[in-house]
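Here are my notes on this one, written as I went through it. Keep the picture open next to them while you read.

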Amino acid sequence: MADLITYREAVAEGIAREMRRDASVVCLGEDIGAAGGVFKTTTGLLKEFGPERVWDTPISEQAIVGAAMGAAMTGTRPVAEIMFSDFLACCWDYLANEIPKVRYMTGGQVTVPLVVRTANGGGLGFGAQHSQATENWALTVPGLKIAAPATPSDVIGMMAAAIRSDDPVVFFEHKALLAAKGAPPPPGHVVELGRAAVVREGEDVTLVALASMVPLALKAADALSGEGIEAEVVDLRCLVPLDAATVLASLRRTSRLVTVEENPYQGGWGATVVSIVADEGFGLLDAPVRRVAGECVPLPFADALEEQVIPTVDKVVTAVRGLAAY
Amino acid sequence: MEAAGLLTCYERMAVIRRTEKAAHDLFLQGLVKGTTHLAAGQEAIAVGASAALRPDDYVFATYRGHHHALARGATPEECLAELMSRATGLCRAKGGSMHLTKAATGMLGSYAIVGSHLPMAVGAAWSARLRGTQQLAVAFFGDGATNIGAFHESLNLAAVWRLPVLFVCENNLYMEYTPIADVTSVPRPAADRAPAHGIPGEVVDGNDVEAVEEAVGRLARRARAGDGPAVLVAETYRHFGHSRADPAAYRPAEEVERWLKHDPLDLARGRLAELGVGEETVAAADERARALVERAVEAARAAPDPDPREALTDVWADGGAAWRT
């Protein structure tokens with residue numbers, strides 16, 4: 001194995017590791033086989049595992065996710081790809097009404113061990129219908145687990161946990177991170193879902209981030225360090241299960257909170273984090289909380305416009321400075 | 001069908017008919033809440049199909065699904081207890097009338113978003129093929145579902161992958177309150193669309209349990225042999241309105257009368273007579289059905305309410321509902 005692995009390669013590697021250890025893992029999606037995925041995140045799977053385990057589908061999002069559900073209920077572990085997370089809306093019935101409810105409404109009679117993978121987020125200039133950060137959509141639905149890794153190592157470790165999970169997992173792969181490189185994890189690497197990581201320690205402020213916002217928060221923390229402000233950066237990794245304990249523990253050290261979210265401010269995941277902190281950690285705070293989140297508009301096309309809408313290092317630095325002075 | 005097999009089917013249909021009547025009466029007594037979508041009149045489809053299927057085949061049904069749960073092994077007591085919000089209900093009172101499910105016998109659910117379960121049946125058939133089990137999946141759905149996108153996505157994918165799945169349309173002539181013919185571009189909503197997806201489409205008398213059994217059996221053998229999916233339209237008629245709130249006054253009296261004379265139980269009774277089964281034998285089957293459902297009603301009435309703590313179970317596979325640390 002190469003010294004470094006890209007996030008993109010880690011997706012295929014993470015799936016392949018699970019397909020090698022469990023014959024019931026199968027993949028389906030548009031262009032995932034011969035083409036290796038439009039983002040090349042499934043390259044090599046068809047060659048290694050063959051057409052009985054890697055299935056190209058028509059452009060039929062309802063059939064893809066609905067069939068994955070039926071297969072998951074009957075003894076397989078499907079990994080379904082929805083090419084862009086915006087397209088989750090085309091099969092939202094399955095993610096809002098079917099997959100997360102069927103176990104509950106049957107009184108626990110059925111289990112749905114499936115993964116829906118999807119390329120999420122902006123930064124690549126794909127415009128309003130191929131760029132949204134939609135992780136907050138899934139957060140509105142009880143019954144879905146939500147993973148959004150920030151590093152190649154976490155992609156592999158969280159993919160292992162997601163595929164082995166007996167619960168449905170929506171797995172957000174961030175488009176802006178696909179070329180990011182990192183050390184490949186050792187064989188058998190599993191990152192339990194619902195365990196946040198403190199990726200930078202600091203005592204002045206806690207930055208809670210997810211996916212591509214993690215490296216952005218780290219850059220902001222480095223910039224702030226030059227000003228004498230030491231930020232602690234928490235990579236949430238998952239929205240469900242939500243590791244609120246790690247966030248609250250960090251606030252015991254820092255007493256200041258900033259969430260860094262790519263999804264829109266309206267209904268963004270940071271609102272849930274902040275509400276937990278207000279409810280259970282109000283006494284820990286020495287300052288108001290700040291949310292650096294997407295603006296409440298569709299994603300525009302031009303870079304100069306997109307920068308206005310999604311969080312940037314400067315926006316995070318500005319928010320933290322304001323809090324530090326409070 | 002042999003006389004013994006037909007008599008068994010008759011008794012199952014009689015159990016379903018009486019269970020539906022009991023559900024209707026219990027609703028009027030205020031013991032069933034929400035709504036119900038009764039399948040009285042459509043019994044032959046569930047019973048005939050079940051007679052043709054293997055015990056390990058998969059069935060997916062709709063919110064009008066009591067007959068499928070009963071045909072696949074759920075007891076009247078489990079079903080009525082579910083409708084009556086009892087702890088002993090089929091889904092432990094978490095599902096209700098629209099979500100009857102008996103997974104242990106392959107009845108993988110009743111789904112109340114129209115057409116949503118068709119892709120699931122495709123997936124179950126795909127899974128059966130991947131596992132090499134020769135199992136079949138059957139999706140039962142109403143005529144209204146044929147105008148849903150998932151119907152077309154399912155037929156295409158099943159055809160492209162040549163999966164062992166049957167799409168059985170219970171055409172009762174009305175999508176909810178509206179005649180299906182008024183809102184559909186072809187006369188036979190499912191069968192006429194099937195060829196567009198490279199799938200054979202057939203029509204059968206859905207009130208004739210023998211005809212349903214024959215058609216499903218034949219199409220099932222074909223699908224198991226690797227020849228791919230099929231669409232079967234079973235023409236039928238509901239004895240009640242769309243749901244509890246619907247008296248179905250929009251249906252012409254002449255039409256209702258004609259269909260009530262074409263009742264699946266009456267048809268089976270006539271056929272049993274032709275096969276030499278005595279009236280007393282049929283009456284004994286009716287009496288067993290009556291007694292079974294009567295006991296079921298008593299047992300469901302006597303059953304306890306669910307433990308309120310059950311509300312926070314069964315979200316996740318570990319049995320719990322925790323979403324955060």
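1. Ground rules. This is a predicted model, where local features need pLDDT of at least 70 and side-chain atom pairs count only at pLDDT 80 or more, while totals for chains, interfaces and linings use all residues. Residues are numbered from 1 along each chain as its sequence is written, and chains are lettered from A and ligands numbered from 1 in the order in which they are written.

2. The sheet. Chain A has an open sheet of 5 strands, in the order β9-β11-β10-β13-β14, with mixed pairing. Helices (H or I, at least four residues) and strands (E, at least two) are DSSP runs numbered from the N terminus, and two strands pair if DSSP finds at least two bridges between them. β9 (197-200) and β14 (290-294) of chain A are at the edges with a single partner strand each, so one side of each has no neighbour in the sheet. On average, neighbouring strands here are turned by 25° against each other, direction ignored.

3. One pair up close. β10 (residues 205-209) and β11 (residues 231-235) of chain A run in the parallel sense, joined over 5 bridges. Look for A:T206, whose bridge partner in β11(A) is A:E232.

4. Helices on the sheet. Helix α8 (residues 213-225) of chain A lies across β9, β10, β11 and β13 (257-264) of chain A, at about 175° to β11(A). Helix α10 (residues 269-280) of chain A touches β10, β13 and β14 of chain A, and its direction makes about 155° with that of β13(A). For the angles, axes are lines fitted to C-alpha atoms (for helices over the stretch in contact), and values run from 0 to 180 degrees between N-to-C directions. Contact between two residues requires C-beta atoms, placed from the backbone, within 7 Å.

5. Two domains in chain A. The assignment gives domain 1 (5-182) and domain 2 (197-324), with bounds that come from an automatic or database domain assignment. Their C-alpha centres lie 26 Å apart. The contact takes 25 residues from domain 1 of chain A and 24 residues from domain 2 of chain A.

6. Where the chains meet. How many residues of chain B are in contact with chain A? There are 40, and they meet 41 residues of chain A. The largest share of chain B's side, 11 residues, comes from α5(B). That side divides into 22 nonpolar, 12 polar and 6 charged residues. Here Ala, Val, Leu, Ile, Met, Phe, Trp, Tyr, Cys and Pro count as nonpolar, Asp, Glu, Lys and Arg as charged, and the others, Gly among them, as polar.

7. The core. In the largest nonpolar core, of 210 residues, A:L207, B:A121, B:V138 and B:L166 touch the most other members. Such a core is a set of buried Ala, Val, Leu, Ile, Met, Phe, Trp, Tyr and Cys residues joined through C-beta atoms within 7 Å. Helix α1 (residues 3-28) of chain B gives the most, with 9 residues.

8. The peptide bond from A:V240 to A:P241 is cis, with omega near -5°. B:A93 is not a glycine, yet has a positive phi of about 65°. Is B:A93 buried or exposed? B:A93 is buried, with 22 other C-beta atoms within 10 Å; buried means 20 or more such atoms, exposed 12 or fewer, and partly exposed in between, with C-beta atoms placed from the backbone.
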